[in-house]
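Good morning, and thank you for coming.

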Amino acid sequence: MAFTRKRRQEQQLYSKERFSLLLLNLEEYYFEQHTANHIINRDCRDERKIRGSLKICSKSIIFEPDEKIQPIIKIPLRDCISIEAPEDNETNNPFTWYTPGVISVVSNQAFLIKEQNIIAPYKTERGKTEYLFQLDVAGKVDDVVQTLLQLNRASHLDKLGDQAAMITAILQSRLARTSFDKNRFQNVSETLHMECEAEMVTPLVTNPGHVCITDANLYFQPLNGYPKPVVHIMMHNVRRIYKRRHGLMPLGLEVFCTENDLCSDIYLKFYNSQDRDELYFYIATYLENHITEQTAESYMLQWQRGHISNYQYLLHLNNLADRSCNDLSQYPVFPWIIADYSSSELDLTKPETFRDLSKPVGALNKERLERLLTRYREMPEPKFMYGSHYSSPGYVLFYLVRVAPEYMLCLQNGKFDHADRTFNSIAETWKNCLDGATDFKELIPEFYENDSSFLVNSLKLDLGKRQGGKMVEHVELPSWALDPDDFLQKSQNALESQYVSEHLHEWIDLVFGYKQKGSEAITAHNVFHPLTYEGGVDLNSIMDPNEKVALLTQILEFGQTPKQLFTTPHPRRIIPKFKSLSRTSSHNVSIAESPVSPNEESFEDLTEESITLAWNNIAKLKLDEQYKIHKEEITGIAVSCNGSSVFTTSQDSTLKMFSKESKTLQRSVSFSNMALSSCLILPGDTTVISSSWDNHIYFYSVAFGRRQDTLMGHDDAVSKICWHDNRLYSASWDSTVKVWHCVPAEVLGTKRHHFELLAELEHDVSVNTIHLNAANAMLVSGTKEGTISIWDVTTATMLHQLSCHSGTVYDAAFSPDSRHLLSTGEDGCFKVIDVQTGMLISSMASEQPQRCFKWDGHTILSGSQSGELLVWDLLAGKFIERIKGHTGAVTCMWMNEQCSSIITGGEDKQIMFWKPQY
């Protein structure tokens, strides 16, 4: 559980004292502490001195007794009437009581906290009362009194902005008088890179101090020495860093030492973006050769292909969208999934069990939505449909009050919420989200994790009594849940169910995607208050400090919309036929789901297994044989069904036939003096087709050893050809792809083929490459100016067109399942496109152009400009193996259906035969 893990981290970090920064008000600072005695009943027989420590904070004085049975005393400075130390002349007055080191604080109000060491609402002590504190070091009294008087003046200013400005000035003065203690370095040989002032952020509170980064460590030294003198992180442990918005300003930086955890190791807020960016640069430079930064697009690809669960994907998106468990105004947001809280059994096969993920919570109830839309239409600009947000600090702590009561007390000025407004029941909360006039909240990650403590009142908190007289205890669960753990397990199963996997992209569109803002948000009934959106207000442009403080307070308490990650429709997930999507039982597939009995495997299954095995070992390719058979670079490779004959084309204008069995060149044919650009062999192995720079396409009869026919189909060089079901697809530098119906001569019983032009796919510039998908229903074309076009060949219509590359597209191919399209170009980049939406979802740069490739949807085998073969992990965004190959560019590549045999051709005029090593 994200929040619980964070609290455990803090408990390890903080000392065992009862004081915590959560005892402070929001936006309050803790400056210093002094060991002291609290004197009670001065000059009386029962005078007592309670040992403890006095904390000086920007808005309050806090005394923490050493005895845990005694309450912590918090005195708001705004309620103080006087703060003073006895005058020096009173020292010599025999009639005046005097104790050295004493500070007298007279206040109208104080709060008693954790009496009997029990977490409970604060008790208020009202009426004019004097509090006496005796410092152990009497010489510090004057300094402490002067500091308190200065802070007291700030707290009595009429306007919040003026108060904040004065406190900030005091804080900056303290920071300027101190610097990072270099004696805290872990090693004397460390090299200092930079030092600056910043604040460490934890939920609801910040702690000012000094940040220091060296070549080996990142340090934070709190100004007050709390929770410990120095927090330090070793650079070699850092795995991820993110720039963050904090208080709507680009001032945050979050550092993670884990790969997938939502909780960071430190969250820092800087006083200016330059310091933040400079520190980010130093850490990023260190990580550059260690860690590959993941983007929303790369995570999308992993999710689409089933490599990460729905839960993991949502965590990653939250992280990338500035959501952090350190910032309750931007806490990770998860959707309500289940809509059935009344049945005795939860049926995840019924669509009605689930919430409609295409609508925001506010639009799920049609009647309520109509009322909201009526108000929206009558509202002056700026308009909004919902007066409250789906995620805010109050909503987060509503769910977590049983495990984070001190946070709730901090947020609500020492009080719990009214018992009837507390999180009492799952079903009641869902009903209120459907019917309530102002309740549109979503869920938090804890509902889909494994720690159910937030549903149980294990701390025995007194959360009040409901109207019916019932005490608030554990959260009431739906009848289909046996216990809290079972509720979480079934919620996880629902999140990973097929229904949610098929529809989760719709919710992502609303929260992180293209329906978050603008006209699409209006159409989707997804419009919140403008202040909640990134860029909704420019705090730097507001000169009035009072207006700025009021606005910031409103925003932080109201909640914030995540950073927009996608501006086009999010593609849906690819649902595997025989794989469970549950992260808890990823291999749990029922026999009923499989068309194959438990004791037999189909031929297709065996083929699939052999393909998987081959790709798993693709990085272990071994060069089997190589032959130099052409006089210029090789442009195309085709192989007969039995694998015995290899046909190649070259810029030397020849088509050659090489026998793999006898390892000899058997035929060499020249159709003209112009280069040949590609070749393919028709089913039956009787005819080879070659395309030429002379604008023609040549048909060669293998049986008769002669040219059988010529198709003069283009006005410029033919660059690539494909074939399926008597249809020939030809790409040309004349800016067209033509689709021909071809009836072979042997079918007609004539000497020549019959050609009929079925369609002409027009482009703006020369087409360099084409590829058909596995179902032969779609074609991709890549041009010399970097444009990728996806076509429906059944209707000859363009589905999508994207400008993907700067320079020529060298190669493009659909994934085996036709869900994605990969292209490579002159710019040295791989680009991944979602075929359904036409969305560019991933880009991966290489050191040099990759001229050709084969891929299985996850792993890429590419031929580079330098002649090497490279193996890439597309999901991780990096190459994993470099294999020495040709001298000069790898210009073409052939792979058999089982992916167990590979042939490459190159600028060095050679063909090379490769095999994976198992």
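First, the origin of the values. The model is predicted, so local features need pLDDT of at least 70 and side-chain atom pairs count only at pLDDT 80 or more, whereas totals for chains, interfaces and linings use all residues. Residues are numbered from 1 along each chain as its sequence is written, and side-chain values use heavy atoms, with hydrogens and water left out.

Helices (H or I, at least four residues) and strands (E, at least two) are DSSP runs, numbered from the N terminus. Let us begin with helix H2, residues 141-155, and helix H3, residues 160-176: their axes come within 8 Å and cross at roughly 155°. Axes here are lines fitted to C-alpha atoms, for helices over the stretch in contact, and angles run from 0 to 180 degrees between N-to-C directions. H2 is therefore roughly antiparallel to H3, a term for angles over 145 degrees. On the H2 side, the contact (heavy atoms within 4.5 Å) is made by Thr147, Gln150, Leu151, Arg153, Ala154 and Ser155. H3 contributes Gln163, Met166, Ile167, Ile170 and Arg174. By class, these residues are 5 nonpolar, 4 polar and 2 charged. Ala, Val, Leu, Ile, Met, Phe, Trp, Tyr, Cys and Pro count as nonpolar, Asp, Glu, Lys and Arg as charged, and the others, Gly among them, as polar.

Is helix H6, residues 310-320, mostly covered or mostly uncovered? It is mostly covered, with 10 of its 11 residues buried, that is, under 20% relative accessible area with a 1.4 Å probe, protein chains only. Among the buried residues are Tyr311, Tyr313 and His316. Their cover includes strands S12 (240-246) and S13 (249-256), together with helices H5 (296-304), H11 (484-495) and H12 (498-511). Just after H6, aspartate 322 takes a positive phi of about 75°.

We turn to helix H14, residues 545-558. Its buried residues are Asn546, Leu551 and Ile555. Seen down the helix axis, they fall within an arc of 160°, so they line one face of H14; the arc is that of the directions from the axis to the C-beta atoms. What covers them includes H3.

Finally, consider serine 735, in the loop between strand S25 (727-732) and strand S26 (736-743). Serine 735 counts as buried because its relative accessibility is 14%. Leaving aside neighbours within four places in sequence, serine 735 is in contact with residues including Leu761, His763 and Val767.

Key: Parallel < 35°, antiparallel > 145°, perpendicular 65-115°, else oblique. Buried < 20%, exposed > 50% of the residue type's maximum accessible area, 1.4 Å probe, protein only.
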